[in-house]
Amino acid sequence: MAAELTVLTGADERDLTRLDEYRTVGGYRQLARARRMTPATVIERISKASLRGRGGAGFPMGRKLSLVPPADKRQGPAYVVANADESEPGAFKDREIIRRVPHRFLEGCLIAAHAIQAEAVFIYIRGEYLAEALVLEAAIEEARRAGLFGQVKVVLHRGAGAYICGEESALLESLEGSRGQPRPRPPFPPVAGLYMQPTLINNTQTLASVPAIMELGAERYAELGVASAPGTVVYSLSGNVTSPGNYELPLGVTLRELIFEHGQGVADGRALKAIIPGGSSVPVFTPDQLDVQLDFDSVQAAGSYLGSAAVIVVDDRACMVQLALRAEKFYMHESCGKCTPCREGTRWLVRLLEKIEAGDGTQADLDLVVEVCSRIEGKSLCALGDFAVWCVGSYVEKFRGEFQRHVDEGRCPYGGESSTEGVPAPSDQHIHTAMAQVPA
Amino acid sequence: MAELYDEIQKAAARYPQRRSAVMPALRLAQEHYGWLSPDALREVADALDLTPADVEAVATFYDMFNLEPVGRHLVEVCTNLSCALAGARQVVEALEIELGIAPGETSDDGEVTFRLIECAGGCGYAPVVVVDHAYREPTRPADVPGLVEELRGR
């Protein structure tokens, strides 16, 4: 029989933040087993299970592990870096994992450390997650005192408020004590990552999935999920839904099941207008796409991305221009400023959308939104620039009529009555320079 | 401050390269002084053998480092998509009324700094208000008077 959960298993029944409780559900047994195996065997097991990264890109963890040169073929240490800088709007799963199963996450980190013979594990947790950092710190201390770390050093590093640091190369820069700005690649982290040493960097949930894989083996793990993406994932459900929250389910459940069965449908009996399937960065879906399965390949085939499996439900009270403007202000704020298309383009998009929302936009402005999007996408070192246009670009594409009405009628058709009317946002950018004078 | 210096050295010892301790050191300095003045930045730089410019470059990049004095209490409201859909604007407006200041401002008595933040990772429990780094999820406009009263009493 297949397990139902692989990440939050047992957390409803027990306080798994405690080492003794975690041990009663088999905690750290997989670490002990892994340490009796050769690193190559551990890598093979994880590779066979086809565990795809849960941070957003869905890159197979086994491939990342294999790209790290083995201990006898490298100079100097290797590192494991756990990405707990969860900042994608809509995502709050890593937070729950750390709060409820910190030891499982740590066990996954330590198994990964054994697989690449790493000298140290660095856990980069976003600065806002103070309560979670304290839970994790206590778990680390307990595991350290119990001698579970062996020769491995475990360091908890707190961020200080920057979305971009969830991007792996920006995270490494930040961890090295610099501004969190992405690096050109190659070299990729498995070859030259932290301090230019071979580094395995994985998302919190990915690492927290490793103990279950070691326990179940590839075949039983694959009984959950779909062939192209086995296992479970913690879906973060939010927005205009009756029962928002985190739901750990097999990969491949449909949006309909997640929203209407687990989330109990759209809140307040409203009509569904739009669904953002993978965090604010990904292209939006419309209600006719409710039967799309939530796994990496299915969502991509339907024109979007599973991303961090953060599903945001939007009902018919929201104005899509306002939503686009709010999303774009986020990307403008979070653009690190290194690449011109992203830094200047996000500012330009914000100005254009403000103009359209105010009813002052012309046809040329609306066309320019699409044009500017095409000038940003694919033209920066990291994906933030892409994210900044996938959201807005898809809103325009899927809700063109609504944008057009703003232009044609010279006013927001909601007339001040939308749920997102006038929502304020932090307005500066991380680069903290004066706004460039862009035409808009 | 010898005490701060010692704490920074302890933080630096946890990393293979001392420079990695810039963020923890800035946090320590901020906890010590309440904000990061140019003098505090210099102190961090000296403790880590970096230039003040190195340290300032980092301090100015991250939202959580205060480069100006802040109030004794910090009230932050997330207004990102999920919170916006759940009525974050109304929460912001209620706070403006109760606190008597706009986002980005500190009350005249230096008690409270009020600001807007980007997604805090509480989307399922929106709208999210963070008071002195502790999440209040969800916070409805009706909760605001009590929240402010509680702050004033602390």
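**Two chains, domain by domain**

Colleague: How many Å separate the centres of domain 1 of chain B and domain 2 of chain B?

Modeller: The centres of domain 1 of chain B and domain 2 of chain B, taken over C-alpha atoms, are separated by 30 Å. The domain bounds, which come from an automatic or database domain assignment, are 2-59 for domain 1 and 73-153 for domain 2. This is a predicted model, in which local features need pLDDT of at least 70 and side-chain atom pairs count only at pLDDT 80 or more, while totals for chains, interfaces and linings use all residues. Residues are numbered from 1 along each chain as its sequence is written, and chains are lettered from A and ligands numbered from 1 in the order in which they are written.

Colleague: And what are helices and strands like in chain B, in what order?

Modeller: Chain B has 7 helices and 4 strands, and along the sequence they follow the pattern α-α-α-α-β-α-α-β-β-β-α. Helices (H or I, at least four residues) and strands (E, at least two) are DSSP runs, numbered from the N terminus. The C-alpha trace of chain B spans about 50 × 35 × 25 Å along its principal axes.

Colleague: How much of chain B is buried?

Modeller: Of the 154 residues in chain B, 49% are buried. A residue is buried if 20 or more other C-beta atoms, placed from the backbone, lie within 10 Å of its own, exposed if 12 or fewer do, and partly exposed in between.

Colleague: Let's switch to chain A. Which domains does chain A have?

Modeller: Chain A is divided into domain 1 (19-221), domain 2 (235-315) and domain 3 (320-409). The centres of domain 1 and domain 3 of chain A, taken over C-alpha atoms, are 35 Å apart, and 10 residues of domain 1 are in contact with 7 residues of domain 3. Two residues are in contact if their C-beta atoms, placed from the backbone, lie within 7 Å.

Colleague: How compact is chain A?

Modeller: Chain A comes to 17 helices and 10 strands. Its radius of gyration is 22 Å, close to the 22 Å that the globule rule gives for 440 residues, so chain A is as compact as a globular protein of that length. That radius is taken over C-alpha atoms, and the rule is 2.2 Å times the number of residues to the power 0.38. Buried residues make up 59% of the 440 residues in chain A.

Colleague: How many residues does each chain give to the contact between them?

Modeller: Chain A gives 51 residues and chain B gives 39 residues. Elements with two or more residues on the side of chain A that touches chain B are β3 (153-158), β7 (232-239), β8 (245-250), β10 (310-315) and α13 (320-334) of chain A, and α13(A) provides the largest share, 6 residues. The residues on that side divide into 23 nonpolar, 20 polar and 8 charged, where Ala, Val, Leu, Ile, Met, Phe, Trp, Tyr, Cys and Pro count as nonpolar, Asp, Glu, Lys and Arg as charged, and the others, Gly among them, as polar.

Colleague: I'm looking at I117(B). What is I117(B) in contact with?

Modeller: I117(B), in strand β2 (residues 112-117) of chain B, is in contact with P426(A), E76(B), V77(B), C78(B) and V130(B), leaving aside its neighbours within four places in sequence. I117(B) counts as buried because it has 23 C-beta neighbours inside 10 Å.

Colleague: Which residues of helix α11 of chain A are buried?

Modeller: In α11 (residues 255-262) of chain A, L255(A), L258(A) and I259(A) are buried. They cover an arc of only 85° around the axis, which puts them on the same side of α11(A); the arc is that of the directions from the helix axis to the C-beta atoms. What covers these buried residues includes β7, β8, β9 (272-276) and β10 of chain A.

Colleague: Last topic, the backbone. Which peptide bonds are cis?

Modeller: Among them are the bond from R185(A) to P186(A), with omega near 0°, and the bond from A126(B) to P127(B), with omega near -5°. P186(A) is found in the loop between α8 (168-175) and β4 (199-203) of chain A, and P127(B) in the loop between β2 and β3 (129-131) of chain B.
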